Amino acid sequence: MHILDIRNVRKSFGDNEVLKDISLTVDRGEVVSVIGPSGSGKSTFLRCATLLETMDSGTLRYMGETVASMQGDRIVYTKDLKKIRSYFGLVFQNFNLFPHFSVMKNVTDAPISVQKRDPKEVRETARELLDKMGLGDKADAYPCELSGGQKQRVSIVRALAMKPEILFFDEPTSALDPELTGEVLKVIRQLADASMTMVIVTHEMAFAHAISDFVVFMDGGVIVEQGTPQELFEGTKQERTRQFLQNYQR
Amino acid sequence: MTFSTMVGELAHAFINTFLIFLLTLIGSLPLGLVVYFGKKSRFKPLKWLTEVYISIMRGTPLILQIMVIYYAPPLLFHVTLPGNWRFSAVVVAFVINYAAYYAEIYRGGIESIPVGQYEAAQVLGYRKTQTFVKIILPQMVKRTLPAVTNEVITLVKDTSLASAIGTIEMFTKAKQIAVSPRSPGMLTFLVAGIFYYIFNVIVAFGMKKLEKALDYYQ
Amino acid sequence: MKKTVSLLLSLLMVMSCVFALAACGGKKTEGDSGTTAPSEETTVDTSADAKKLIVGFDAEFPPYGFVAEDGSYDGFDLAMAKELCSRLGWEFEAVAIDWNSKDAELASGNINCIWNGFTYTGREDQYTWSEPYVENKIVLVVKADSGITSLADLAGKSVMAQAGSSAVDAINDKEGFKDTLKEVVELPDYNTGFMDLDSGSVDAVAADIGVATFNINAKDGEYVILEEPLSTEQYAVGFLLGHNALRDAVNAELLKMAEDGTMKTIAENYVDDGLVLESLCLLNK
């Protein structure tokens, strides 16, 4: 059983076809990186997988449960999206922390008020996670009092507190100053070591190379090439991949 | 009339001024949210009706709205209204007028909240109402507070429009006293002005406190 | 486009409401003018059945209606109305109204009579009236040192009058007078008018003799009244057109009060407030 199984995704905004038949499966414990130039459709792909966008056509399954499928030429989404949403977490490029909630409340509010879990248990879990991420002393702080790197670590904790099966990252370090990206990447690496299933859209090539089990290169709304980091970064056969990687190494 | 009697009379009439002010706030602040939802409704007739309502409320003088609400029921529909309708009509007029302004202020506040807040809430599984009440509304309150403060201060001064239909409040009273024999005359208006000013200073202070209280986040 | 049209329509709706308000008073006047004989009334006149007089008055119109020293409403007309009610065993209520809205107040039943230095002259057909009880003069008040001594001296000058008052009518009706003036300034109350006279932004105030006398007494020697009146007018109690029963009851008692000296006794209390005893025409009959 795949954790995520998404097939034949098509998505257009007006006349602009952003995704042209994209498929991807992710299994438990796998770390998949999605790379590609801006406008290649990788963020839209992530937003389709996390239900922030509806696909024009395609199928989507989490944990073997069908979320969206084709009936004739019409796509049909299941009604029970609440349960599906509990399977995944998403870390945004711009953190999207709730500014009026303290760090603790940002992390614990959804598990308590959405998942209806025991508040005591949730707070304990949150405290452990914050400690692990080096944010133990920030539980009562408000997002505006944190640095970008701290904010992003809080938003990772917020996603983890929901106990997701799979965690998505949408360019998690793009909004950070270069000297702050390290602390966030370190946290993601910790998660990978702990066998967290993850899909990471990123521009950090060295990081993707080091951490991924599998790398997907997207361009112009299609998957140009996919494979192990070695296959992609060291022995690519595709001219477009080579060009893209060269631009990044400069 | 002695000076102190005059001040006492104004203070007494000020109770009505304050009541108009208070009842208007209690009525119009929540009603503004209802109007906002009406305007955002996907049900077209409701949306259309709300837009017309807002446009009329903002596009015609408040004093005229007060007169229409006070005189229209008995004159057009031959309804006899209770004795305190003179006061109630003013409050009704103020509430529906200010609600229209608040609806627009709320709209500005809500639309200025980044879409990422909705997306984060959605991914975390919040329902629509939960998202609005827990995530959007508190941020909207903070964002709209300066604009709301402006309206509240304007409201203090607008209460004097109640004199258009002879509702006894401080301004009506001041006008009556000022022209009466053996009264302190023009001094009455000065004292009334001081009343309004002090009240507004207190209101502004209160709103400032409220803004301070919400300063813990940005 | 659709939206614009509907917006315009709604605005029209509001406007028509307002005009309907204004028209209500006027329409009744047209329809009923000339039908002074009660026998022509088709509906039964129940106006006197309530045994309650709700007097609409302007609390900014001394000596007929104003705020007393203790803050209560007082005035010659109110005192008369109150005494009349107690003699008839009726309930008495005084409602301070905005003078510009007096027709709407009367038509809507918020009040059932206007008794407050209410000018009868020129409005004979618009209301059902009692006997006139005051014969008033509209006069012009100028500053004592202004050098203005006659109506002719006001050529090219500004004259203030209360908006909607009979003084405005008097200015309009006085043949050839208004055209000589620079402007007629209409303000909501005389208080503002006399402030303007003080400050020199108007040169004269047109007011009835009671208001004029009161203000002259209040500012000793600063103002004078021009000898030549602008007009002579009468005050009476006004009722909604057709409310003859109520009028008849009030009128009968009013005449009795004039005859048995009650009116004079009450009037003497208001001389200090500017009431001119000589203007009480019922007493002189």
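## Sheet and helix in chain A

Helix H5 (residues 148-160) of chain A lies across E7 and E8 of chain A and runs at about 170 degrees to E7(A). Helices (H or I, at least four residues) and strands (E, at least two) are DSSP runs, numbered from the N terminus. Angles run from 0 to 180 degrees between N-to-C directions, and axes are lines fitted to C-alpha atoms, for helices over the stretch in contact. The model is predicted: local features need pLDDT of at least 70 and side-chain atom pairs count only at pLDDT 80 or more, while totals for chains, interfaces and linings use all residues. Residues are numbered from 1 along each chain as its sequence is written, and chains are lettered from A and ligands numbered from 1 in the order in which they are written.

The open sheet in chain A has six strands, in the order E7-E8-E9-E3-E10-E11, with mixed pairing. Strand E7 (88-91) and strand E11 (222-227) of chain A each have a single partner strand and stand at the edges, so one side of each is left without a neighbour in the sheet. From one strand to the next, the twist averages 15 degrees. Strand E8 (residues 166-170) and strand E9 (residues 197-201) of chain A pair in the parallel sense over five bridges; two strands pair if DSSP finds at least two bridges between them. A:Ile166 stands opposite A:Thr197 in E9(A).

## Helix packing in chain B

Helix H6 (residues 128-158) and helix H8 (residues 187-213) of chain B have axes that come within 10 Å and cross at roughly 165 degrees. H6(B) and H8(B) are therefore roughly antiparallel to each other. Angles under 35 degrees count as roughly parallel, over 145 as roughly antiparallel, 65 to 115 as roughly perpendicular and the rest as oblique. Residues of H6(B) including B:Leu145, B:Val152 and B:Val156 meet residues of H8(B), among them B:Phe199, B:Val203 and B:Met207. Two residues are in contact if their C-beta atoms, placed from the backbone, lie within 7 Å. This contact of H6(B) with H8(B) has ten nonpolar, two polar and two charged residues. Ala, Val, Leu, Ile, Met, Phe, Trp, Tyr, Cys and Pro count as nonpolar, Asp, Glu, Lys and Arg as charged, and the others, Gly among them, as polar.

The axes of helix H4 (residues 85-111) of chain B and H6(B) come within 8 Å, crossing at roughly 145 degrees. On the H4(B) side, the residues that meet H6(B) include B:Tyr98, B:Tyr101, B:Tyr102 and B:Tyr106. The contact of H4(B) with H6(B) comprises eleven nonpolar, two polar and two charged residues.

## Contacts between chains

Chain C puts 32 residues in contact with 31 residues of chain B. H1(C) gives the most to the side of chain C that touches chain B, with ten residues. That side of chain C divides into 18 nonpolar, seven polar and seven charged residues.

The contact of chain A with chain B takes 18 residues from chain A and 16 residues from chain B. Helix H2 (81-85) and helix H3 (103-113) of chain A each supply at least two residues of the side that touches chain B. By class, this side of chain A has ten nonpolar, six polar and two charged residues.

## Domains of chain C

An automatic or database domain assignment is the source of the domain bounds. For chain C the assignment gives domain 1 (47-133 + 236-279) and domain 2 (137-233). The C-alpha centres of these two domains lie 25 Å apart.
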